[in-house]
Amino acid sequence: MSLFKHLLRNPTAKSYSYSSPSIIMPSNLILTCLSHFTTDASPSTVQLTQYSGLGPTKANEKPRVVVLGSGWAGCRLMKGIDTSLYDVVCVSPRNHMVFTPLLASTCVGTLEFRSVAEPIARIQPAISREPGSYFFLSHCAGIDTDNHVVHCETVTDELRTLEPWKFKISYDKLVIALGAEASTFGIHGVKENAIFLREVHHAQEIRRKLLLNLMMSDVPGISEEEKSRLLHCVVVGGGPTGVEFSGELSDFIMRDVRQRYSHVKDYIHVTLIEANEILSSFDDRLRHYATKQLSKSGVRLVRGIVKDVDSQKLILNDGTEVPYGLLVWSTGVGPSTLVKSLDLPKSPGGRIGIDEWLRVPSVQDVFAVGDCSGYLESTGKTVLPALAQVAERQGKYLFSLLNRIGKAGGGRANSAKDMELGDPFVYRHLGSMATIGRYKALVDLRQNKESKGLSLAGFLSWLVWRSAYLTRVVSWRNRFYVAVNWATTFVFGRDISRI
């Protein structure tokens with residue numbers, strides 16, 4: 001313990017001798033523990049300096065698959081990959097997967113945050129127990145495809161006490177599953193003032209801001225105008241995420257705010273702004289039903305384009321000023337800054353270009369899946385939508401492909417150039433679902449807008465929606481959490497604690 005106390009008192013110390021009689025560590029054990037990392041170590045002294053990373057795999061080690069990202073595609077791949085064939089290394093700025101279809105429910109207390117977060121170590125236990133498999137809480141800073149190396153930098157959460165730690169990871173196979181980022185269309189003030197609904201911390205921020213505004217509006221001396229502004233929740237974007245959040249918010253107002261914040265219940269209202277039709281991918285009948293139900297729930301639908309965003313108001317293209325207390329931005333996604341910067345072929349729209357087998361064709365041993373990838377024009381296929389079911393199906397296909405490659409002896413770097421890969425990836429749309437509040441939902445099982453298929457709306461659709469997502473939650477633990485949260489909310493109402 002004295003060594004670690006000394007480390008805490010002297011964080012800049014460079015080397016320590018293991019000669020104290022109270023610490024017995026054989027030199028070969030020290031070298032064995034550090035053998036996976038490229039460091040300078042001698043039998044008597046270990047240099048406590050920044051290691052340069054994971055070097056190329058040796059002949060007596062399993063090939064290494066490096067997965068960048070912990071979204072739907074990356075996690076589905078990690079869950080199914082054969083760890084008897086590969087070591088798995090995941091690099092991501094979060095150590096969990098987010099079950100995004102239920103994320104909107106956490107903003108108003110219908111579900112707790114942990115119910116939609118699944119730890120990576122539970123998805124792929126080998127990361128915790130296998131000597132060659134790791135999870136690194138880091139960002140990818142760049143990719144050297146010529147040398148099969150990924151450059152990484154640790155996440156510090158902007159704490160001044162922690163310096164970013166840069167290191168490299170050599171790979172035999174690389175899977176880029178970096179996802180996408182919210183599209184702001186270059187509109188001034190969006191990043192500074194709006195909240196995006198893509199991560200758990202976004203939902204936490206929305207919940208805290210919403211409850212703060214409710215409590216602040218109850219303080220004596222607040223003007224009527226300021227109360228109306230504080231309690232005006234504006235959602236920009238009429239896709240499934242924006243509509244579901246609006247529905248959850250209207251439910252929260254109807255069932256909980258009117259009972260527990262009776263002094264300000266007449267001031268709180270929700271506005272949903274969309275440039276075109278809401279839920280444009282759904283059947284026309286379902287779209288009209290959703291519009292009618294949202295209006296009944298008190299959600300004001302506004303058609304317009306946001307031109308500018310200030311700290312307390314946004315301006316539409318016709319000059320209309322819309323004051324707000326909470327602004328949630330949900331207008332779709334686009335390629336991230338890192339994806340744009342990578343020297344890889346791009347598909348229409350700026351995603352990483354892939355072929356029919358999800359490979360990046362201009363480089364060896366690199367695959368891309370999920371929202372960051374799209375078919376190259378040379379394939380003759382259209383870019384798939386940025387949906388969870390697309391990413392999950394791609395992850396499922398790719399782990400099966402990599403397992404076949406590994407069993408055929410092509411797991412090493414540059415060893416699968418001329419290997420037969422089998423059938424290409426084919427995506428078939430399974431349908432779309434969205435909840436609109438008040439125990440109502442939409443279920444559209446058509447494969448596309450032109451085809452025919454089953455479409456439902458109302459209470460039965462809500463039961464289908466809940467049942468489907470409950471079965472899709474990754475683990476039995478989280479299914480139990482979700483079911484208990486739903487039951488608790490139904491009986492006792494939503495949790496309105498601001499924590």
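Which residues point one way from β5 and which the other way, and are they buried or exposed?

Reply: This is a predicted model, in which local features need pLDDT of at least 70 and side-chain atom pairs count only at pLDDT 80 or more, while totals for chains, interfaces and linings use all residues. Residues are numbered from 1 along each chain as its sequence is written, and side-chain values use heavy atoms, with hydrogens and water left out.

Asp87, Val89 and Val91 point one way from β5, whereas Val88, Cys90 and Ser92 point the other way, and all are buried. Buried means under 20% relative accessible area, exposed over 50%, and partly exposed in between, with a 1.4 Å probe and protein chains only. Strands (E, at least two residues) and helices (H or I, at least four) are DSSP runs, numbered from the N terminus.

The setting of β5 is an open sheet of 8 strands with mixed pairing, in the order β3-β10-β9-β8-β5-β4-β11-β23. Two strands pair if DSSP finds at least two bridges between them. At the edges stand β3 (53–54) and β23 (366–368), each with a single partner strand, so one side of each is left without a neighbour in the sheet. Strands β4 (residues 64–68) and β5 (residues 87–92) run parallel and are joined by 5 bridges. Within this pair, Val66 stands opposite Val89 in β5.

Helix α3 (residues 72–80) packs on the sheet and touches β4, β5 and β11 (173–176), its direction making about 155° with that of β4. Touching here is contact, that is, heavy atoms within 4.5 Å. Axes are lines fitted to C-alpha atoms, for helices over the stretch in contact, and angles run from 0 to 180 degrees between N-to-C directions. Another helix, α13 (residues 388–407), lies across β4, β11 and β23 and runs at about 175° to β11.

Helix α13 also contains Gln394. At 2% relative accessibility, Gln394 counts as buried. Leaving aside neighbours within four places in sequence, Gln394 is in contact with Ile354, Leu358, Val369, Gly370, Ser373, Leu384 and Phe425.
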